[in-house]
Amino acid sequence: MSNSTENATLTSARLDAADPLAAYRDRFFEPADGSVISYLDGNSLGRPLRATAANLTAFVQGEWGSGLIRSWDEKWMDEPTVVGDLLGATVLGAAPGQTIIGDSTSVLLYKLLRAGLDGQAGRDEIVIDRWNFPTDRFLVEGIAAERGAKIVWIDPDAATGVTPEDVAAVIGERTALVLLSHVAYRSGFLADAPGITKLVKDAGALMMWDLCHSAGSIPTELDAWGVDLAVGCSYKYLNGGPGAPAFAYINSALTGRLQQPIWGWMGAANPFEMGADYEPAANVRRFITGTPPILAMQPLKDMLALLAEVGIEAVRSKSVALTEYTIALVREHLVPLGVELSSPLDPAHRGSHVIIDHPRFAEVTAKLWEAGVIPDFRPPYGLRIGLSPLSTSFAEVEAGILAIRGVLASMS
Ligand SMILES: Cc1ncc(COP(=O)(O)O)c(C=O)c1O
Ligand SMILES: Nc1c(O)cccc1C(=O)C[C@H](N)C(=O)O
């Protein structure tokens, strides 16, 4: 073992020992065979909570197996808004009555984008940036084609991501809606959400945030910031599991005014009247379409309980400490091998993942996965290190970075 490795090990051990949230890591499932050495992809799929296995079994035997269809009346009909309100209170900064759980992020993006655009009579431009996640860009393109709207593209600077200045330069009387990601999926850039929201609102446009890469790792204050619309997934930092339903936030000032495009019976005012005509619910339920994914939203409840126990501010502090440590290790061990740090260096502008670039990272990632070290790869050369604050230890980060160094060194 080299001196620098010994130093890093000492430091990671010290950081874990001093971490007030370290014990929470045991709440998450880990394979007993030790096959996962370092999981650095919680920003794509969070680990399951141990409690979830038992709670899912209890759900199958209880609410589903024993309650059967009665559970719809007793509980499940309200679950999309009850869990939505819990999410609103725990991580989003949203008062009750504005958040629902259901559908995928892509489908909720579609519903809210269309509802927002259609609700802005006389305005026909949608603003989005070229580095946004593909599904966001594709949906905007599809909706623009469907509704004859114009897309105004922001081309952000690599070092800064989308800034308030970028937004101010393109918004005006024709802007209907602005869609941006709070944390950029590739660079990890954290946008100035309150500043940008204010600019957009002042211009009379609607502000919509994609919170996929921030929900559960960064506190948001959607009500206080005056956000109009937001969506996000629950399988990353909210540990809801593969394909877990997404959430949508619709500011209560807009609820009665916006009409979503996918009319279904569960969004109707009285679903069980089985009426002849569609009349949307007066409240946030109008953004629901079909039968809510009750089974698929159970694991999210376990993570929300944990987040309520820990507090989202403490989660953010650990996230910053983990990304700072990652950057320090990258500088020490990987930059000398030609690796480039491509995420913001200032934690105030960074989410909970760090991306590094090297021409051989596609090959490196494949070898790392075989060895139980699991980051992910994003084209053209990016290796993304996702730090899920409650389930990632400093030792795990260190093991991951040293493994990357080992694989890279073996290739040169
Ligand atoms: C910013 C962002 N938006 C949307 C999505 C995708 O949403 P969906 O769950 O519909 O695949 C992702 C990740 O998959 C994402 O990172
Ligand atoms: N949603 C995903 C999936 O269904 C399969 C594999 C990966 C994902 C992801 O979450 C990708 C992720 N949003 C990203 O930022 O790249």
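Reply: Helices (H or I, at least four residues) and strands (E, at least two) are DSSP runs, numbered from the N terminus. The model is predicted, so local features need pLDDT of at least 70 and side-chain atom pairs count only at pLDDT 80 or more, while totals for chains, interfaces and linings use all residues. Residues are numbered from 1 along each chain as its sequence is written, and chains are lettered from A and ligands numbered from 1 in the order in which they are written.

The sheet is open and has 7 strands, in the order β2-β8-β7-β6-β5-β3-β4. Its pairing (at least two DSSP bridges between two strands) is mixed. At the edges stand β2, residues 99–101, and β4, residues 150–154, each of which pairs on one side only. On average, neighbouring strands are turned by 15 degrees against each other, direction ignored.

Within this order, β5 (residues 175–181) and β6 (residues 206–210) pair in the parallel sense, over 5 bridges. Leu177 has Leu206 in β6 as its bridge partner.

Helix α5, residues 105–118, packs on the sheet. Its contacts (C-beta atoms, placed from the backbone, within 7 Å) reach β3 (125–129), β5, β6, β7 (229–232) and β8 (247–250). The direction of α5 makes about 170 degrees with that of β7; axes are lines fitted to C-alpha atoms, for helices over the stretch in contact, and angles run from 0 to 180 degrees between N-to-C directions.

Technical notes. Contact = placed C-beta atoms within 7 Å.
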